[in-house]
Every structure is written in C-alpha cells, then in structure tokens.
Amino acid sequence: MSAKSRKIVDVLNGKTISPPPLWLMRQAGRYLPEYRQTRAAAGSFLDLCYSPELATEVTLQPIRRYGFDAAILFSDILVIPDALRRNVRFEEGHGPRLDPIDADGIFALKGDGVVGHLQPVIEAVGRIRSALPEETALLGFCGAPWTVATYMIAGHGTPDQAPARLFAYREPRAFAHLLDVLAELSADYLVAQIDAGADAVQIFDSWAGVLGEREFADFAVRPVQRIISSVKARRPQAKIIAFAKGAGVLLKSYRQQTGADAIGLDWSVPLSFAADLQKDGPVQGNLDPMRVVAGGAALDEGIDAILQALGNGPLIFNLGHGITPQADPDTVTRLVARVRGEAR
C-alpha cells in the first residue's frame with residue numbers, strides 16, 4: 001500500500017471520504033494511563049521528546065488503543081528554542097519556562113547546528129513510520145514563528161501574549177528578525193521530518209487569535225507562508241496543514257495567502273463559515289475539547305453537527321484544540337465509533 005492510499009493524504013489532496021478520517025490533537029498525552037506511565041519513566045518532559053524509543057512508544061499508544069487514521073509525532077513546539085540554547089525547561093504545574101530573549105539576544109542567535117540538535121526527534125519519525133500500520137498516516141509538526149516567539153520573549157506562556165505584542169511594537173526590526181530565523185529553521189526541521197517518513201506536517205499557531213488584522217498579516221501569515229514556500233520548493237509533494245487558532249474571519253484568505261493544503265479550525269469557528277472555507281479546499285476540525293470531557297449527548301451532538309455541515313466535502317475530523325487531561329479514554333472510544341458510523 002502506498003502513501004497515496006492513506007486516507008488523510010487523500011483528503012489533503014482534495015478527496016472527500018465518508019466517514020472522514022480522524023486524529024486528535026494531543027492524542028498522545030496525559031489522559032492516557034499508558035502515557036503517564038511512560039512519562040514517569042522518562043525523567044523530564046524534554047527527555048521524553050529527545051528519546052527516539054520513548055517518543056515512538058507514546059506516539060503509537062493512541063494508535064494501538066483507537067486505530068486513528070494518523071499518528072502525530074510526539075514532541076513539542078519549543079524544541080527549536082531549545083536547540084537555539086534558550087534554556088527551555090518544563091516545570092510541573094507551571095508549563096514551559098525559557099530564558100527571556102531581548103533584541104541583542106535575537107541578533108546574536110546562531111541557527112547552525114539546530115537540525116543536528118534535533119536529530120533524536122528525526123530518528124523518532126523514522127522509527128514511528130516503520131512501526132505504524134501501512135494505512136496509518138504519520139504527521140510531523142512545528143510551532144508557527146509567532147507562537148514560538150511569544151514564549152521566547154516572555155519566557156513563559158501568558159494569557160494574551162502582551163509581552164510579545166509590546167516587544168513587536170517597540171523593537172520591530174528585532175522582532176522581524178526573530179520571525180525570519182524561526183521560519184527558516186522551522187522549514188529545515190519540517191523538511192527533515194518529511195524526509196524521515198512524515199506523510200504531512202502541521203504548523204501550530206496556537207496564539208494567532210490575539211493579533212489584530214495588520215499584525216496577523218505580518219506575524220502570522222508571512223512567516224507561515226515563508227515556511228510553506230520553502231518546504232514546497234524543496235519537497236513539492238509535501239502536504240501541509242496550517243492551524244491558526246482564534247483567527248476567525250481572518251481565515252478567509254489564510255489558505256491562499258500561506259499556501260497551506262488544509263486549514264485547521266478551532267471550535268469557535270461557526271460551521272457555516274467552515275463550510276464556506278471548505279469550498280476552497282480541505283478543512284480539519286473542529287469539535288470543542290470540552291464536549292469530549294462532557295461525553296454523552298454533548299459529545300454526540302457536537303460530532304453529528306460537524307459531520308452534517310462538513311461531511312460532504314474534504315474533511316479531516318479533529319478537535320478544535322488539544323484533548324485535555326480530564327478526558328476519559330472511554331469517551332474517546334465513543335467519539336471514534338460515532339465518527340466512523342459504528343455507534344449511531
């Protein structure tokens with residue numbers, strides 16, 4: 001069986017499949033007891049990301065349990081700042097922490113050796129592809145430059161990314177340089193993942209929704225377009241999903257502006273608007289993760305609404321953001337069965 005017969009790749013090529021293929025963002029994660037066990041054995045979170053054996057194991061866990069149509073590489077969007085020696089660490093109960101970067105630090109960044117630093121992640125991609133069923137797609141990913149930059153500037157996550165927005169206004173030249181560096185390195189990283197066996201890749205812009213219209217064009221669209229054009233120039237058959245969480249009406253031209261093959265939709269995107277976006281190509285999403293936590297009728301109604309609105313076009317069924325640790329694994333079993341028409 002060739003990669004072309006993998007359902008998600010078919011959808012990314014514009015095909016409508018019923019029932020649609022599905023995977024879930026953060027499908028390998030804390031809601032699964034087997035993940036928690038592997039995570040405890042790994043030591044630190046970054047140790048887990050940089051262990052090809054353990055990263056392969058946690059990537060495969062949800063495939064074994066649910067038979068999703070795609071596995072997504074287990075890693076983190078902050079491995080590139082880590083490779084840039086920004087002292088990335090993950091503190092229990094606080095999330096990621098980095099040494100905040102200033103304008104001088106940005107201009108001093110050295111991109112040489114970054115892909116080499118990430119070789120354990122690339123090795124994991126090859127291992128995962130070898131271990132996956134032939135029909136299961138493998139997705140690689142990176143963080144979008146804007147979202148990665150927000151963490152590098154603040155040194156941690158913030159509710160509205162005010163530190164990065166303020167820095168961009170006060171230090172526009174340095175901020176533009178940071179986005180350029182991140183775009184170039186991200187493109188190299190994605191090409192390496194594709195060469196190692198990824199069928200497609202996703203670019204996560206988790207903080208796109210805090211940007212105004214002009215800033216969205218400058219900080220979200222342009223860097224992602226630069227990544228996609230660079231990847232496709234080197235790997236013309238590459239398939240790329242772009243997920244700009246919270247972008248709302250700005251998604252209308254996002255696919256055309258960035259060159260993405262598919263648009264990921266968060267749960268706030270109205271299904272009528274999503275159907276309009278789908279006229280231009282594949283969409284992915286967009287069940288509210290809280291419906292998975294709630295289960296029951298809330299889960300079923302959310303699934304059915306998406307299938308009714310988007311099921312007659314190219315759709316990859318997914319959540320509107322990552323699955324949360326509170327989700328019951330049995331509820332995910334119900335989700336998969338309902339999407340596939342096995343539990344009506």
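Predicted model: local features only at pLDDT ≥ 70, side-chain atom pairs only at ≥ 80, totals over all residues.
In strand β9, N318 is the bridge partner of N286.

- Seven strands make up an open sheet, in the order β1-β4-β5-β6-β7-β8-β9, and their pairing is parallel.
- The edges are taken by β1 (70–72) and β9, each with a single partner strand, so one side of each has no neighbour in the sheet.
- From one strand to the next, the twist averages 25°.

**Strands β7, β8 and β9**

- Strand β8 (residues 283–287) and β9 run parallel and are joined by five bridges.
- On to strand β7 (residues 262–264): two bridges join β7 to β8, again in parallel.
- In that pairing, I263 has V283 of β8 as its bridge partner.
- β8 is mostly covered, with five of its five residues buried.
- Strand β9 (residues 315–319) is likewise mostly covered, and five of its five residues are buried.
- In a regular strand, side chains alternate between the two faces of the sheet.
- How does that look in β9? Both of its faces are covered: L315, F317 and L319 are buried on one side, and I316 and N318 are buried on the other.

- Strand β5 (residues 200–205) pairs with strand β6 (residues 240–244) in the parallel sense, over five bridges.
- Is V201 buried or exposed? V201 counts as buried because its relative accessibility is 1%, which falls under the 20% cut-off.
- Beyond its neighbours within four places in sequence, V201 is in contact with G140, F141, L190, I194, K239, I240 and I241.
- V201 and C142 are 59 residues apart in sequence, yet their C-alpha atoms are 7.8 Å apart in space.

**Helices α4 and α8**

- Two packed helices are described by the angle between their axes and the distance between the axes.
- For helix α4 (residues 52–66) and helix α8 (residues 119–131), the axes come within 8 Å and cross at roughly 45°.
- That angle makes α4 oblique to α8.
- The crossing in which α4 passes α8 is right-handed.
- Where they meet, α4 brings P52, E53, A55, T56, T59 and L60, while α8 brings P120, E123, A124, R127, I128 and A131.
- The residues of this contact divide into seven nonpolar, two polar and three charged.

**Helices α16 and α17**

- Helix α16 (residues 296–310) packs with helix α17 (residues 329–339) at an angle of about 30°, and their axes are 10 Å apart.
- α16 is therefore roughly parallel to α17.
- This crossing of α16 past α17 is right-handed.
- From α16, G296, L299, D300, I303, D304 and L307 meet T331, R334, L335, R338 and V339 in α17.
- The contact of α16 with α17 is made up of five nonpolar, two polar and four charged residues.

**Backbone features to look out for**

- Most residues other than glycine have a negative phi, and most peptide bonds are trans.
- S18 and P19 are joined by a cis peptide bond, with omega about -5°.
- P19 sits in the loop between α1 (7–12) and α2 (33–42).
- R26 is also placed in the loop between α1 and α2, and has a positive phi of about 60° although it is not a glycine.
- R26 is exposed, with a relative accessible area of 51%.
- N87, in the loop between α5 (79–83) and β2 (89–91), has a positive phi near 55°.
- N87 counts as partly exposed, at 40% relative accessibility.

**One more residue: Q257**

- Q257 is found in helix α13 (residues 254–258) and is partly exposed, with a relative accessible area of 40%.
- Which residues does Q257 touch, leaving aside its neighbours within four places in sequence? Q257 is in contact with V221 and Q225.
- The C-alpha atoms of Q257 and F45 are separated by 35 Å, and the two residues are 212 residues apart along the chain.

Note on methods
Residues numbered from 1 in each chain as written. Heavy atoms only, no water. Axes fitted to C-alpha atoms, helices over the stretch in contact; angles between N-to-C directions. Helix = DSSP H or I, 4+ residues; strand = E, 2+ residues; numbered from the N terminus. Parallel < 35°, antiparallel > 145°, perpendicular 65-115°, else oblique. Left-handed = near helix turned anticlockwise from the far one by under 90°. Contact = heavy atoms within 4.5 Å. Nonpolar A, V, L, I, M, F, W, Y, C, P; charged D, E, K, R; others polar. Buried < 20%, exposed > 50% of the residue type's maximum accessible area, 1.4 Å probe, protein only. Pairing = 2+ DSSP bridges.
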